[in-house]
Amino acid sequence: MGAASFDTYVYRESMLHQWSPRLKLVSLAVLMFAFATVRQLALVPWMLGIAALLYGLSGLPLTFLWQRLSYPGLFILALVLVLPFTVGDTVVSQWGWLALRQEGLLATLLIVGRFLSILTLGFILLGTTPFLTLLQAMRSLGLPTILADMTLLSYRYLFEIAAMLATMQQSMRLRGFGQTRQRWLRVNSQTMQQLAMLAGNLLIRSYEQSERVYKAMRLRGYGYGVKPTREQSLPRQPSALSWGLTGAVVAAAVGLIVAEGFLRQ
Amino acid sequence: MHIPDGILPAQVCAAGYAITGLTTWYSLRQINRKPDPTAEIPKASLLTAAFFVASSIYIPVPPASVHLILNGLLGVVLGYFAFPAILIGLFFQALVIGHGGLTTLGVNAAMMGIPALLAYHIFQLRHVLGKPLPEPARTGLFAFLGGAVGLGLAALIFLALIIFNIPAELNAEAERAAVLALSVGHVPLAIVEGVFTAMLVLFLQRVKPELLEG
């Protein structure tokens, strides 16, 4: 949960920060799917270029992307270590039993290119839109009420529950948990029982807290179908900049799909 | 065990979203049939957050450790709320730590969520098929089956999707052999997950039985 900081850079003033959240969500989703359709290696530099350009326009620091790439980067590493040496028949280079194969190498470049481009778009979306605004945009695009409420409430209590687990784990360690030596490749049933009780306690505490939360929400009118006022329910009209960005991003997405179709023939 | 962005073709991602959309619609329909669905939302939401946090608990198996998925347990405890809960958890993971992906969110939710719903139904079968067994063996056995099947099925779908979609040049026989070998490799993990689920469910049955009524 250490990396879980949702709204670190959302209050900057770049073009992408000012982009209407609804249009931004739809445009970036279309572009992500266009990236997912790419199978021609020739389009990978274009895809990476578009992602880099948007990241540049977002004004987000590179450290933001770098920190978040560390976890999924493990997946890239696994892919780079396995695919080029296992897939394909055309051997490019051979070191003893280890053979670098052309097909595997090309497949790796394609997958890593798509992966980095799509992931960058996801982080641009998160880095330039407050999470609650994003949720509001999804709600206005037709996200069911139950899902929206559940997402909001889970988000609200996520960090609190994470802190609760950290305290409980610290208490366990202070009482000697994890000090006994375990045999290799064996699951210690007592350790497992203790961890099951830890997870169970976390569920019970959350459940009991949810009962108090529900009562508080009812007292404030939750579940009585109170509709927002006209001012609250009307979304602000998107600016010309928002429409411009949307047009450019959708055009890029369509361009990639068309180019993919041409190159495949 | 999440499929990242960039691996699957757009058609598979779109199919994943379609399956997830349908399953979400079905789950929400079942939830809305409950006597007071709004009362259940805060409980399901906080438990979603708790499951998301609890999935960071790992079982030490020296020299490594086993990371728990808990999708079977989610199904057992949350019932039809398990599917939206998994969808939300995966959405958080994709946005915050880049684990999984936004284009593959539908595929991942279906891969984890449908086995969770199956786990729920397996656990409910204890009232029908488990009658000859005494308590707590009955609850323990069906919780074990729910946990093990939940993870086992998700692992099988994951492996099949990865192997059939990455190396296009591998022949069908090699792909089948790889799926089989990796699936067998996941059997011990399914057993660990099943035992953990059974232990946790028996603990909840002793301490807070109303949590198992969903």
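## Close-up views of a predicted two-chain model

The domain assignment of chain A gives domain 1 (15-69 + 114-139 + 237-264) and domain 2 (144-173 + 197-221), with bounds that come from an automatic or database domain assignment. The C-alpha centres of domain 1 of chain A and domain 2 of chain A lie 33 Å apart. This is a predicted model, in which local features need pLDDT of at least 70 and side-chain atom pairs count only at pLDDT 80 or more, while totals for chains, interfaces and linings use all residues. Residues are numbered from 1 along each chain as its sequence is written, and chains are lettered from A and ligands numbered from 1 in the order in which they are written.

**View 1. The contact between chain A and chain B.** Here 63 residues of chain A are in contact with 57 residues of chain B, two residues being in contact if their C-beta atoms, placed from the backbone, lie within 7 Å. On the side of chain A that touches chain B, two or more residues come from each of α2 (21-37), α4 (62-86), α5 (102-128), α7 and α8 of chain A, where helices (H or I, at least four residues) and strands (E, at least two) are DSSP runs numbered from the N terminus. The most is given by α8(A), with 19 residues. By class, the residues on this side of chain A divide into 46 nonpolar, 13 polar and four charged; Ala, Val, Leu, Ile, Met, Phe, Trp, Tyr, Cys and Pro count as nonpolar, Asp, Glu, Lys and Arg as charged, and the others, Gly among them, as polar.

**View 2. Helix α8 of chain A and its surroundings.** The 31 residues of helix α8(A) (residues 189-219) should span 45 Å at 1.5 Å a residue, and the end C-alpha atoms are 45 Å apart, which agrees; the expected span is 1.5 Å times one less than the number of residues. The buried residues of α8(A) are Leu195(A), Ala196(A), Ala199(A), Gly200(A), Leu202(A), Leu203(A), Ser206(A), Ser210(A) and Tyr214(A), a residue being buried if 20 or more other C-beta atoms lie within 10 Å of its own, exposed if 12 or fewer, and partly exposed in between, with C-beta atoms placed from the backbone. Their cover includes α7 (145-174) of chain A together with α2 (37-54), β1 (58-61), α3 and α8 (187-207) of chain B. Just after α8(A), Gly221(A) takes a positive phi of about 100°.

**View 3. Pro42(B), a buried proline that touches chain A.** Pro42(B) has its place in helix α2 of chain B and is buried, with 25 other C-beta atoms within 10 Å. Not counting residues up to four places away in sequence, Pro42(B) touches Leu153(A), Ser210(A), Val213(A), Tyr214(A) and Met217(A). Ser210(A) and Tyr214(A) are also among the buried residues of α8(A).

**View 4. Helix α10 of chain A.** Helix α10(A) (residues 240-264) has 25 residues and reaches 36 Å from its first C-alpha to its last, close to the 36 Å expected at 1.5 Å a residue. Within α10(A), Ser242(A), Leu245(A), Thr246(A), Val249(A), Ala252(A), Ala253(A) and Leu256(A) are buried, and the buried residues of this helix pack against α1 (15-18), α2 and α3 (44-58) of chain A.

View 5. Leaving aside residues up to four places away in sequence, Pro4(B) touches Pro72(A), Phe75(A), Phe115(A), Gly100(B), Gly101(B) and Thr104(B). Helix α1(B) (residues 10-32) has 23 residues and reaches 32 Å from its first C-alpha to its last, close to the 33 Å expected at 1.5 Å a residue. In α1(B), Cys13(B), Gly16(B), Thr20(B), Thr23(B), Thr24(B) and Ser27(B) are buried, and the buried residues of α1(B) pack against α2 of chain A together with α4 and α5 of chain B.

**View 6. Backbone features in two loops of chain B.** Most residues other than glycine have a negative phi, and most peptide bonds are trans. Leu70(B), in the loop between β2 (64-67) and α3 of chain B, has a positive phi near 65°, and with 27 C-beta neighbours inside 10 Å Leu70(B) counts as buried. The peptide bond from Glu135(B) to Pro136(B) is cis, with omega near 0°, and Pro136(B) lies in the loop between α5 (105-124) and α6 (137-165) of chain B.
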